[in-house]
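Hi,

Here is the structure for your files. Please have it open while you read; my notes follow below.

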Amino acid sequence: MDNKILGLHHITAIAGNAQENLNFYTQVLGLRLVKKTVNFDDPGTYHFYYGNEEGAPGTILTFFPWQGIPKGRTGAGMATEIAYSVPEKSLEFWKERLNRYQVETGDIVERFGEQYLPFTDPDGLNLSLIVPKAADSRKGYTTPAIAQNVATKGFYNTTLTLNRLEPTAKILTDIFGYQQTEQEGNRYRFVTNAVNEANIIDILLDESAKPGYNAGGTNHHIAFRVKDDQVQMNFREKILSAGHQITPKIDRDYFYSLYFREPGGVLFEIATDNPGFTVDEPLAELGTALKLPKQYEPSRSEIEKVLPVLK
């Protein structure tokens, strides 16, 4: 298992208003803000990380909230849906709760024999809550309003919308170790047995889909998980050997990253478990202070003046 892709590590999306994004994910969905930092390439923009209590891989949804960014468009060449695993018999609770907060939801429907509830966040990002057929052993993060018997447990899967199936499927199966397990219409399911949760990628095949436009309310990239940077570099060699371009290893403070664009156009990342989110904050204080990449620490006062004030 140590030398395999261990399912999803995190998913990163784009938002508009930082306060609105923070309120929705912490107050409505009940996720924990586990890290408040800034975009490595644009330190005047926040980078929020939401997850479970410790920010475990497979639970982390991150956002770049760019104030005033136009609304994007989902389409071919991007991840177009993020699904969270929730406990059995919790979907009615979530539908009522989301509607109470005036969140647009769809009907509770079935996919691959599993119930799911689709909805969108304030920027229009496509999300869903799924009751998995196999029990999810992860402990959800609870709040006074969201008890353990309904709390989200982390990612269930993500969906990629693509014009062609085979080139991306080949990355998932031949390099990442996934297997195609099911098909329902034009939806193809790929699963890795290296882990039991956050281990599913769906491909929605739509040959006529127009390319997506990456802006507010769309996914920026999806990150796959590996144990450490030694395993990560082994995968880098595999990807290079298969004829794909990939970045050098990049230190993201809380994990190491490699990026490459798979043949269908989706930006893939390979991210490590090490060193984790407690490297600069104790567990009890995760997300409470603004943490800056070390190269920006000398400019803290200037950066804090530019960032939106959060309540």
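**The cavity**

Leu31, Gly51, Asn52, Thr59, Tyr141, Thr152, Lys153 and Gly154 line the largest cavity. A cavity is a set of points on a 1 Å grid over the protein atoms alone where a 1.4 Å probe fits but cannot get out; lining residues have an atom within 4 Å of a point. About 40 Å³ of space lies inside the largest cavity. The structure holds one cavity of 30 Å³ or more. Volume here is the space filled by probe spheres set on the points, with grid points joined across faces, edges and corners.

This is a predicted model: local features need pLDDT of at least 70, side-chain atom pairs count only at pLDDT 80 or more, and totals for chains, interfaces and linings use all residues. Residues are numbered from 1 along each chain as its sequence is written, and side-chain values use heavy atoms, with hydrogens and water left out.

**The sheet**

Eight strands form an open sheet, in the order β6-β7-β8-β5-β9-β12-β11-β10, with mixed pairing. Strands (E, at least two residues) and helices (H or I, at least four) are DSSP runs, numbered from the N terminus. Two strands pair if DSSP finds at least two bridges between them. At the edges sit β6 (109–111) and β10 (179–184), each pairing on one side only. On average, neighbouring strands are turned by 30° against each other, direction ignored. Axes are lines fitted to C-alpha atoms, for helices over the stretch in contact; angles run from 0 to 180 degrees between N-to-C directions.

Helix α3 (residues 166–175) packs on this sheet. It touches β9 (154–162), β10, β11 (187–191) and β12 (200–205), and its direction makes about 165° with that of β12. Strands β7 (residues 114–120) and β8 (residues 126–130) run antiparallel, joined by five bridges. Phe119 has Leu127 in β8 as its bridge partner.

**Ser85**

Ser85 lies in β5 (residues 78–85). Is Ser85 buried or exposed? Ser85 is buried, at a relative accessible area of 0%. Buried means under 20%, exposed over 50%, partly exposed in between (1.4 Å probe, protein chains only). Beyond its neighbours within four places in sequence, Ser85 contacts residues including Ile130, Pro132, Thr152 and Tyr156. Contact means heavy atoms within 4.5 Å.

**Helix α2**

In α2 (residues 91–100), Leu91, Trp94, Lys95, Arg97 and Leu98 are buried. Their cover includes α1, β7 and β8. Gln102 follows α2 with a positive phi, near 60°.

Best wishes

Note on methods. 1 Å grid on protein atoms, 1.4 Å probe; cavity = no way out; pocket = protein on both sides within 12 Å on 5 of 7 lines; lining within 4 Å.
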